[in-house]
Amino acid sequence: TPNIDRLAAEGVRFTRFFQATAMSSATRHCLLTGLYPVRSGAYPNHTRLNDGVGTLPQYLKQAGYRVALEGKRHIAPIEAFPFEYLSNEQQRTVYPELIEPFLADVARSGEPFFFYVSSTEPHDPWNKGDQSLWNPDDLTLPCNLVDTPATRKQFRNYLAEINELDNQVGAVDALLHKYGLDENTIFIFTSEQGYSFPFGKWTCYDEGLHTGFVIRWPGTVKPGRVTDAMCEYVDVTPTLVEIASGAVPKGLDGKSFRKVIKGRKSRHKQYVFGIQTSRGILNGPDHYGIRSVRDERYLYIRNLTPEATFQCVITKQEYFKEWQRRGASGDAFARERAGLYQKRPAEELYDIVKDPCQMHDLAADPACAKVMARMRPKLDAWMKSQGDLGAQTELDATQHLLSNRKKTQNTKR
(Lines give C-alpha, C1' and ligand atoms only; values in the text may rest on other atoms or scores of the structure.)
Protein backbone atom coordinates (compact mmCIF):
# COMPACT_ATOMS: atom_id res chain seq x y z
CA THR A 1 0.00 0.00 0.00
CA PRO A 2 2.58 2.65 -1.01
CA ASN A 3 -0.02 5.36 -1.70
CA ILE A 4 -1.89 4.91 1.59
CA ASP A 5 1.45 4.72 3.41
CA ARG A 6 2.52 8.00 1.82
CA LEU A 7 -0.78 9.60 2.80
CA ALA A 8 -0.21 8.50 6.41
CA ALA A 9 3.32 9.88 6.34
CA GLU A 10 1.93 13.23 5.18
CA GLY A 11 -0.85 13.36 7.77
CA VAL A 12 -2.13 11.73 10.96
CA ARG A 13 -2.90 8.03 11.38
CA PHE A 14 -5.55 6.84 13.86
CA THR A 15 -4.81 3.52 15.59
CA ARG A 16 -8.17 3.24 17.40
CA PHE A 17 -10.87 4.11 14.91
CA PHE A 18 -14.03 1.99 14.89
CA GLN A 19 -17.25 1.38 13.05
CA ALA A 20 -20.57 0.67 14.71
CA THR A 21 -21.36 -2.29 12.48
CA ALA A 22 -19.41 -4.68 10.28
CA MET A 23 -21.28 -4.64 6.98
CA SER A 24 -21.45 -2.35 4.02
CA SER A 25 -24.80 -0.58 3.79
CA ALA A 26 -25.31 0.08 7.50
CA THR A 27 -21.71 1.30 7.80
CA ARG A 28 -22.13 3.83 4.99
CA HIS A 29 -25.31 5.22 6.53
CA CYS A 30 -23.56 5.59 9.88
CA LEU A 31 -20.63 7.41 8.26
CA LEU A 32 -22.90 9.82 6.38
CA THR A 33 -25.41 10.63 9.16
CA GLY A 34 -23.56 10.84 12.48
CA LEU A 35 -26.17 8.47 13.94
CA TYR A 36 -25.75 4.93 15.21
CA PRO A 37 -27.58 2.30 13.10
CA VAL A 38 -30.73 1.60 15.14
CA ARG A 39 -31.46 5.28 15.75
CA SER A 40 -31.13 6.13 12.06
CA GLY A 41 -33.18 3.08 11.05
CA ALA A 42 -30.36 1.79 8.84
CA TYR A 43 -29.25 -1.20 10.90
CA PRO A 44 -29.80 -4.29 8.72
CA ASN A 45 -27.85 -4.65 5.49
CA HIS A 46 -29.30 -3.42 2.15
CA THR A 47 -31.10 -0.83 4.22
CA ARG A 48 -32.45 2.72 4.24
CA LEU A 49 -32.76 5.64 6.63
CA ASN A 50 -35.87 6.57 8.54
CA ASP A 51 -37.80 9.44 7.05
CA GLY A 52 -36.40 12.85 7.92
CA VAL A 53 -32.88 11.78 8.94
CA GLY A 54 -30.30 14.40 7.96
CA THR A 55 -27.12 13.50 6.08
CA LEU A 56 -23.61 14.83 5.56
CA PRO A 57 -24.20 15.92 1.93
CA GLN A 58 -27.28 17.86 3.07
CA TYR A 59 -25.37 19.64 5.82
CA LEU A 60 -22.44 20.49 3.54
CA LYS A 61 -24.65 21.74 0.72
CA GLN A 62 -26.32 24.04 3.24
CA ALA A 63 -22.83 25.29 4.16
CA GLY A 64 -22.18 26.19 0.50
CA TYR A 65 -20.24 23.11 -0.56
CA ARG A 66 -20.60 21.26 -3.82
CA VAL A 67 -20.91 17.53 -3.06
CA ALA A 68 -20.27 14.59 -5.38
CA LEU A 69 -19.98 10.80 -5.21
CA GLU A 70 -18.12 8.39 -7.45
CA GLY A 71 -18.26 4.61 -6.96
CA LYS A 72 -20.37 2.38 -4.79
CA ARG A 73 -23.56 3.80 -3.28
CA HIS A 74 -25.43 1.26 -1.11
CA ILE A 75 -27.36 4.14 0.52
CA ALA A 76 -31.07 4.95 0.54
CA PRO A 77 -33.36 6.72 0.08
CA ILE A 78 -31.35 8.37 -2.65
CA GLU A 79 -33.16 11.70 -2.19
CA ALA A 80 -31.69 11.92 1.32
CA PHE A 81 -28.21 12.00 -0.21
CA PRO A 82 -28.12 14.96 -2.65
CA PHE A 83 -24.78 14.15 -4.25
CA GLU A 84 -23.82 14.78 -7.82
CA TYR A 85 -23.57 11.14 -8.86
CA LEU A 86 -20.74 10.77 -11.38
CA SER A 87 -21.70 7.24 -12.46
CA ASN A 88 -24.78 5.03 -12.43
CA GLU A 89 -25.91 2.90 -9.49
CA GLN A 90 -24.51 -0.30 -11.01
CA GLN A 91 -21.03 1.19 -11.38
CA ARG A 92 -19.00 0.12 -8.35
CA THR A 93 -15.38 0.44 -9.46
CA VAL A 94 -13.66 3.82 -9.15
CA TYR A 95 -12.57 5.22 -12.52
CA PRO A 96 -10.22 8.24 -12.57
CA GLU A 97 -11.65 9.33 -15.92
CA LEU A 98 -15.03 9.88 -14.24
CA ILE A 99 -13.42 11.80 -11.38
CA GLU A 100 -11.21 14.15 -13.40
CA PRO A 101 -13.97 16.35 -14.97
CA PHE A 102 -15.39 17.13 -11.53
CA LEU A 103 -12.02 18.07 -10.04
CA ALA A 104 -11.12 20.10 -13.10
CA ASP A 105 -14.41 21.98 -12.78
CA VAL A 106 -14.04 22.86 -9.08
CA ALA A 107 -10.43 23.86 -9.70
CA ARG A 108 -11.63 26.36 -12.32
CA SER A 109 -14.56 27.67 -10.26
CA GLY A 110 -12.83 27.76 -6.89
CA GLU A 111 -15.93 26.27 -5.23
CA PRO A 112 -15.50 24.49 -1.92
CA PHE A 113 -16.30 20.83 -2.44
CA PHE A 114 -16.81 17.51 -0.70
CA PHE A 115 -15.96 14.52 -2.85
CA TYR A 116 -16.90 11.02 -1.61
CA VAL A 117 -14.93 8.41 -3.58
CA SER A 118 -16.35 5.03 -2.68
CA SER A 119 -14.37 2.02 -3.86
CA THR A 120 -15.77 -1.50 -3.84
CA GLU A 121 -12.33 -3.00 -3.18
CA PRO A 122 -11.54 -5.20 -1.33
CA HIS A 123 -15.11 -6.54 -1.36
CA ASP A 124 -15.25 -10.19 -2.31
CA PRO A 125 -15.02 -11.98 -4.68
CA TRP A 126 -11.30 -11.20 -4.56
CA ASN A 127 -10.48 -11.34 -8.25
CA LYS A 128 -8.76 -7.98 -8.92
CA GLY A 129 -5.25 -6.70 -8.44
CA ASP A 130 -1.85 -8.27 -9.05
CA GLN A 131 -1.87 -11.62 -7.23
CA SER A 132 1.69 -12.35 -8.36
CA LEU A 133 2.99 -9.88 -5.75
CA TRP A 134 2.64 -12.54 -3.05
CA ASN A 135 3.47 -16.20 -2.66
CA PRO A 136 0.72 -17.75 -0.48
CA ASP A 137 3.27 -20.04 1.17
CA ASP A 138 5.28 -17.05 2.44
CA LEU A 139 2.41 -15.19 4.10
CA THR A 140 1.92 -14.81 7.84
CA LEU A 141 -1.79 -15.33 8.46
CA PRO A 142 -3.74 -13.62 11.24
CA CYS A 143 -3.49 -15.82 14.31
CA ASN A 144 -7.25 -16.44 14.54
CA LEU A 145 -7.47 -18.13 11.12
CA VAL A 146 -6.88 -21.82 10.48
CA ASP A 147 -3.75 -22.25 8.37
CA THR A 148 -4.64 -24.23 5.24
CA PRO A 149 -3.51 -23.91 1.61
CA ALA A 150 -6.98 -22.68 0.63
CA THR A 151 -6.99 -20.06 3.39
CA ARG A 152 -3.57 -18.84 2.29
CA LYS A 153 -4.70 -18.54 -1.32
CA GLN A 154 -7.78 -16.56 -0.31
CA PHE A 155 -5.66 -14.27 1.86
CA ARG A 156 -3.28 -13.67 -1.06
CA ASN A 157 -6.24 -12.74 -3.24
CA TYR A 158 -7.47 -10.37 -0.52
CA LEU A 159 -4.09 -8.61 -0.39
CA ALA A 160 -4.15 -8.16 -4.16
CA GLU A 161 -7.50 -6.36 -3.90
CA ILE A 162 -6.05 -4.07 -1.23
CA ASN A 163 -3.23 -3.26 -3.63
CA GLU A 164 -5.84 -2.40 -6.26
CA LEU A 165 -7.55 -0.11 -3.75
CA ASP A 166 -4.20 1.54 -3.06
CA ASN A 167 -3.79 2.21 -6.79
CA GLN A 168 -7.15 4.00 -6.75
CA VAL A 169 -6.08 6.14 -3.78
CA GLY A 170 -2.95 7.09 -5.70
CA ALA A 171 -4.95 7.98 -8.81
CA VAL A 172 -7.24 10.31 -6.88
CA ASP A 173 -4.30 11.98 -5.15
CA ALA A 174 -2.53 12.43 -8.49
CA LEU A 175 -5.56 14.29 -9.84
CA LEU A 176 -5.63 16.59 -6.81
CA HIS A 177 -2.00 17.47 -7.52
CA LYS A 178 -2.64 17.86 -11.25
CA TYR A 179 -5.28 20.52 -10.66
CA GLY A 180 -3.48 22.26 -7.80
CA LEU A 181 -6.02 21.21 -5.20
CA ASP A 182 -3.77 19.17 -2.94
CA GLU A 183 -2.55 21.97 -0.67
CA ASN A 184 -6.05 23.23 0.11
CA THR A 185 -7.90 19.92 0.43
CA ILE A 186 -8.39 17.69 3.46
CA PHE A 187 -7.78 14.12 2.23
CA ILE A 188 -9.29 11.31 4.31
CA PHE A 189 -8.73 7.62 3.71
CA THR A 190 -10.75 5.06 5.64
CA SER A 191 -11.29 1.36 5.13
CA GLU A 192 -14.71 -0.25 5.32
CA GLN A 193 -15.80 -3.09 7.61
CA GLY A 194 -13.56 -6.07 8.30
CA TYR A 195 -12.57 -8.63 5.72
CA SER A 196 -14.77 -11.56 4.63
CA PHE A 197 -12.94 -14.12 6.72
CA PRO A 198 -14.37 -15.66 9.90
CA PHE A 199 -14.41 -13.25 12.87
CA GLY A 200 -14.24 -10.23 10.55
CA LYS A 201 -17.23 -8.96 8.59
CA TRP A 202 -20.64 -9.58 10.22
CA THR A 203 -19.16 -9.73 13.74
CA CYS A 204 -18.39 -7.33 16.60
CA TYR A 205 -14.80 -8.48 17.07
CA ASP A 206 -12.03 -5.99 16.33
CA GLU A 207 -11.47 -7.70 12.96
CA GLY A 208 -14.98 -6.54 12.07
CA LEU A 209 -15.20 -3.08 13.64
CA HIS A 210 -11.64 -1.72 13.83
CA THR A 211 -10.95 0.43 10.77
CA GLY A 212 -8.04 2.22 9.18
CA PHE A 213 -8.26 6.01 9.23
CA VAL A 214 -5.79 8.59 7.89
CA ILE A 215 -6.17 12.36 7.43
CA ARG A 216 -3.86 14.66 5.48
CA TRP A 217 -4.52 18.35 6.10
CA PRO A 218 -1.66 20.45 4.73
CA GLY A 219 -0.66 23.32 6.97
CA THR A 220 -2.77 22.03 9.86
CA VAL A 221 -1.80 18.42 10.56
CA LYS A 222 1.81 17.69 11.44
CA PRO A 223 3.06 15.03 8.98
CA GLY A 224 3.71 11.54 10.31
CA ARG A 225 1.73 11.94 13.52
CA VAL A 226 -0.02 8.94 15.10
CA THR A 227 -2.91 9.17 17.58
CA ASP A 228 -4.39 6.52 19.85
CA ALA A 229 -7.57 8.54 20.51
CA MET A 230 -10.68 6.35 20.30
CA CYS A 231 -13.01 7.60 17.56
CA GLU A 232 -15.90 6.15 15.55
CA TYR A 233 -17.44 6.41 12.10
CA VAL A 234 -20.38 8.14 13.74
CA ASP A 235 -18.02 11.01 14.64
CA VAL A 236 -17.09 11.80 11.02
CA THR A 237 -20.19 13.76 10.02
CA PRO A 238 -20.09 16.20 12.98
CA THR A 239 -16.35 16.64 12.51
CA LEU A 240 -16.54 17.53 8.83
CA VAL A 241 -19.55 19.80 9.28
CA GLU A 242 -17.76 21.64 12.10
CA ILE A 243 -14.67 22.08 9.92
CA ALA A 244 -16.79 23.33 7.02
CA SER A 245 -19.21 25.60 8.87
CA GLY A 246 -17.98 26.07 12.43
CA ALA A 247 -21.12 24.44 13.83
CA VAL A 248 -22.19 20.88 14.65
CA PRO A 249 -25.77 19.78 13.85
CA LYS A 250 -27.81 19.14 16.98
CA GLY A 251 -29.11 15.71 17.90
CA LEU A 252 -26.29 13.61 16.45
CA ASP A 253 -24.80 10.62 18.23
CA GLY A 254 -21.29 11.43 17.04
CA LYS A 255 -18.88 13.97 18.51
CA SER A 256 -16.46 16.12 16.56
CA PHE A 257 -12.82 15.05 16.85
CA ARG A 258 -11.45 18.17 15.11
CA LYS A 259 -9.20 18.94 18.10
CA VAL A 260 -7.71 15.44 17.91
CA ILE A 261 -6.96 15.96 14.22
CA LYS A 262 -5.19 19.22 15.00
CA GLY A 263 -3.23 17.68 17.86
CA ARG A 264 -4.89 19.76 20.56
CA LYS A 265 -6.35 16.67 22.28
CA SER A 266 -4.96 13.17 22.72
CA ARG A 267 -8.21 11.49 23.81
CA HIS A 268 -11.75 11.53 22.43
CA LYS A 269 -14.00 8.76 23.75
CA GLN A 270 -13.78 6.29 26.61
CA TYR A 271 -16.12 3.74 25.00
CA VAL A 272 -17.12 2.75 21.48
CA PHE A 273 -20.13 0.59 20.60
CA GLY A 274 -21.07 -2.06 18.08
CA ILE A 275 -24.14 -3.76 16.67
CA GLN A 276 -24.52 -6.57 14.18
CA THR A 277 -27.85 -7.54 12.62
CA SER A 278 -27.83 -10.63 10.43
CA ARG A 279 -31.26 -10.26 8.87
CA GLY A 280 -30.67 -9.15 5.31
CA ILE A 281 -27.19 -10.61 4.76
CA LEU A 282 -26.62 -13.21 2.04
CA ASN A 283 -27.20 -16.76 3.27
CA GLY A 284 -27.78 -15.32 6.75
CA PRO A 285 -29.78 -16.82 9.61
CA ASP A 286 -33.29 -15.62 10.41
CA HIS A 287 -31.79 -13.57 13.21
CA TYR A 288 -28.47 -13.41 15.01
CA GLY A 289 -28.13 -10.15 16.91
CA ILE A 290 -24.86 -9.04 18.51
CA ARG A 291 -24.02 -5.95 20.57
CA SER A 292 -20.67 -4.79 21.95
CA VAL A 293 -18.89 -2.13 23.97
CA ARG A 294 -15.13 -1.56 23.95
CA ASP A 295 -12.73 0.60 25.89
CA GLU A 296 -8.96 0.88 25.51
CA ARG A 297 -8.38 -2.44 27.33
CA TYR A 298 -11.44 -4.67 27.07
CA LEU A 299 -14.03 -5.75 24.51
CA TYR A 300 -17.38 -7.01 25.82
CA ILE A 301 -19.72 -8.79 23.38
CA ARG A 302 -23.32 -9.84 23.97
CA ASN A 303 -24.96 -12.45 21.77
CA LEU A 304 -28.74 -11.99 21.91
CA THR A 305 -29.53 -15.52 20.70
CA PRO A 306 -26.75 -17.87 21.81
CA GLU A 307 -28.93 -20.85 20.98
CA ALA A 308 -28.92 -19.91 17.27
CA THR A 309 -26.39 -21.02 14.66
CA PHE A 310 -24.69 -18.31 12.63
CA GLN A 311 -24.25 -18.74 8.90
CA CYS A 312 -23.35 -16.52 5.96
CA VAL A 313 -21.58 -16.77 2.61
CA ILE A 314 -18.34 -17.61 4.45
CA THR A 315 -19.75 -20.85 5.84
CA LYS A 316 -20.40 -21.94 2.24
CA GLN A 317 -16.78 -21.38 1.23
CA GLU A 318 -14.64 -24.43 0.51
CA TYR A 319 -11.84 -23.25 2.79
CA PHE A 320 -14.28 -23.02 5.73
CA LYS A 321 -15.57 -26.52 5.01
CA GLU A 322 -11.93 -27.63 5.13
CA TRP A 323 -11.69 -26.08 8.60
CA GLN A 324 -14.68 -28.19 9.63
CA ARG A 325 -13.25 -31.35 8.11
CA ARG A 326 -9.93 -30.80 9.88
CA GLY A 327 -11.75 -30.24 13.13
CA ALA A 328 -13.72 -33.45 12.71
CA SER A 329 -10.43 -35.28 12.03
CA GLY A 330 -8.87 -34.22 15.31
CA ASP A 331 -7.41 -30.75 14.68
CA ALA A 332 -8.39 -29.03 17.94
CA PHE A 333 -7.65 -25.48 16.72
CA ALA A 334 -9.70 -25.94 13.54
CA ARG A 335 -12.58 -27.44 15.54
CA GLU A 336 -12.53 -24.54 18.01
CA ARG A 337 -12.34 -21.82 15.33
CA ALA A 338 -15.01 -23.27 13.04
CA GLY A 339 -17.27 -24.12 15.96
CA LEU A 340 -17.04 -20.73 17.67
CA TYR A 341 -17.76 -18.88 14.44
CA GLN A 342 -21.17 -20.51 14.21
CA LYS A 343 -22.03 -21.08 17.88
CA ARG A 344 -21.06 -18.30 20.28
CA PRO A 345 -21.80 -17.88 24.00
CA ALA A 346 -24.20 -15.32 25.45
CA GLU A 347 -21.29 -13.15 26.63
CA GLU A 348 -17.65 -12.76 25.64
CA LEU A 349 -14.89 -10.64 27.14
CA TYR A 350 -11.41 -10.07 25.73
CA ASP A 351 -8.33 -8.30 27.02
CA ILE A 352 -7.26 -6.56 23.83
CA VAL A 353 -3.87 -5.52 25.18
CA LYS A 354 -2.79 -9.05 26.11
CA ASP A 355 -4.90 -10.81 23.47
CA PRO A 356 -5.20 -8.60 20.35
CA CYS A 357 -6.57 -11.46 18.23
CA GLN A 358 -9.34 -12.08 20.77
CA MET A 359 -8.65 -15.77 21.18
CA HIS A 360 -9.16 -16.16 24.95
CA ASP A 361 -12.65 -15.45 26.29
CA LEU A 362 -12.50 -14.11 29.86
CA ALA A 363 -16.24 -13.73 30.48
CA ALA A 364 -16.34 -16.61 32.98
CA ASP A 365 -13.04 -15.71 34.66
CA PRO A 366 -13.71 -14.65 38.31
CA ALA A 367 -10.75 -12.28 38.08
CA CYS A 368 -12.69 -10.28 35.44
CA ALA A 369 -15.98 -10.05 37.35
CA LYS A 370 -15.49 -6.33 38.05
CA VAL A 371 -14.80 -5.66 34.37
CA MET A 372 -18.00 -7.50 33.39
CA ALA A 373 -19.94 -5.54 36.03
CA ARG A 374 -18.64 -2.30 34.49
CA MET A 375 -19.19 -3.15 30.83
CA ARG A 376 -22.69 -4.66 31.02
CA PRO A 377 -24.47 -1.49 32.20
CA LYS A 378 -22.51 0.62 29.71
CA LEU A 379 -23.92 -1.49 26.90
CA ASP A 380 -27.40 -1.50 28.45
CA ALA A 381 -27.43 2.29 28.69
CA TRP A 382 -26.29 2.71 25.10
CA MET A 383 -28.94 0.33 23.79
CA LYS A 384 -31.61 2.20 25.76
CA SER A 385 -30.43 5.54 24.35
CA GLN A 386 -30.80 4.13 20.84
CA GLY A 387 -34.25 2.63 21.35
CA ASP A 388 -32.62 -0.77 20.84
CA LEU A 389 -34.90 -3.46 22.29
CA GLY A 390 -32.48 -6.26 21.55
CA ALA A 391 -34.22 -9.36 20.23
CA GLN A 392 -37.34 -7.44 19.22
CA THR A 393 -35.26 -4.91 17.30
CA GLU A 394 -33.63 -7.81 15.46
CA LEU A 395 -37.01 -9.27 14.53
CA ASP A 396 -38.17 -5.86 13.30
CA ALA A 397 -35.12 -5.49 11.02
CA THR A 398 -36.99 -6.63 7.89
CA GLN A 399 -39.13 -3.49 8.11
CA HIS A 400 -36.01 -1.45 7.42
CA LEU A 401 -34.75 -3.45 4.44
CA LEU A 402 -34.70 -1.52 1.19
CA SER A 403 -36.35 -4.37 -0.71
CA ASN A 404 -39.22 -4.51 1.79
CA ARG A 405 -39.78 -0.75 1.59
CA LYS A 406 -39.88 -0.89 -2.22
CA LYS A 407 -42.52 -3.62 -2.10
CA THR A 408 -44.57 -1.55 0.33
CA GLN A 409 -44.36 1.51 -1.88
CA ASN A 410 -45.37 -0.48 -4.95
CA THR A 411 -48.37 -1.84 -3.08
CA LYS A 412 -49.45 1.67 -2.04
CA ARG A 413 -49.31 2.81 -5.65
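The structure holds 31 aromatic pairs, where rings of Phe, Tyr and Trp (its six-membered ring) pair if their centres lie within 6.5 Å. Planes under 30 degrees apart count as stacked, over 60 as edge-to-face and the rest as tilted. The model is predicted, with pLDDT of at least 70 needed for local features and 80 or more for side-chain atom pairs, while totals for chains, interfaces and linings use all residues. Residues are numbered from 1 along each chain as its sequence is written, and side-chain values use heavy atoms, with hydrogens and water left out.

Phe 17 and Phe 213 form a stacked pair, at 3.8 Å centre to centre and 5° between the planes. Phe 17 belongs to strand 1 (residues 12-18) and Phe 213 to strand 6 (residues 210-216), so distant parts of the chain, 196 residues apart, are linked by the pair. Helices (H or I, at least four residues) and strands (E, at least two) are DSSP runs, numbered from the N terminus. Phe 17 is buried at a relative accessible area of 0%, and Phe 213 is buried at 2%; buried denotes under 20% relative accessible area, exposed over 50% and partly exposed in between (1.4 Å probe, protein chains only).

The rings of Phe 155 and Phe 197 are tilted, because their planes stand at 40°, with centres 5.8 Å apart. Phe 155 lies in helix 6 (residues 149-178) and Phe 197 in the loop between strand 5 (187-190) and helix 7 (206-209), so the pair ties together parts 42 residues apart in sequence. Phe 155 is buried, with a relative accessible area of 9%, and Phe 197 is buried at 0%.

Helix 6 also takes part in a helix contact. Its axis and that of helix 5 (residues 96-109) come within 10 Å and cross at roughly 30°. Axes are lines fitted to C-alpha atoms, for helices over the stretch in contact, and angles run from 0 to 180 degrees between N-to-C directions. Helix 5 and helix 6 are therefore roughly parallel (under 35 degrees; over 145 is roughly antiparallel, 65 to 115 roughly perpendicular and the rest oblique). The contact (heavy atoms within 4.5 Å) involves Pro 96, Ile 99, Glu 100 and Leu 103 of helix 5 and Ala 171, Val 172, Leu 175, Leu 176 and Lys 178 of helix 6.

The axes of helix 10 (residues 318-328) and helix 11 (residues 332-342) come within 7 Å and cross at roughly 125°; the two helices are therefore oblique to each other. Among the residues in contact are Phe 320 and Trp 323 of helix 10 and Ala 338 and Tyr 341 of helix 11.
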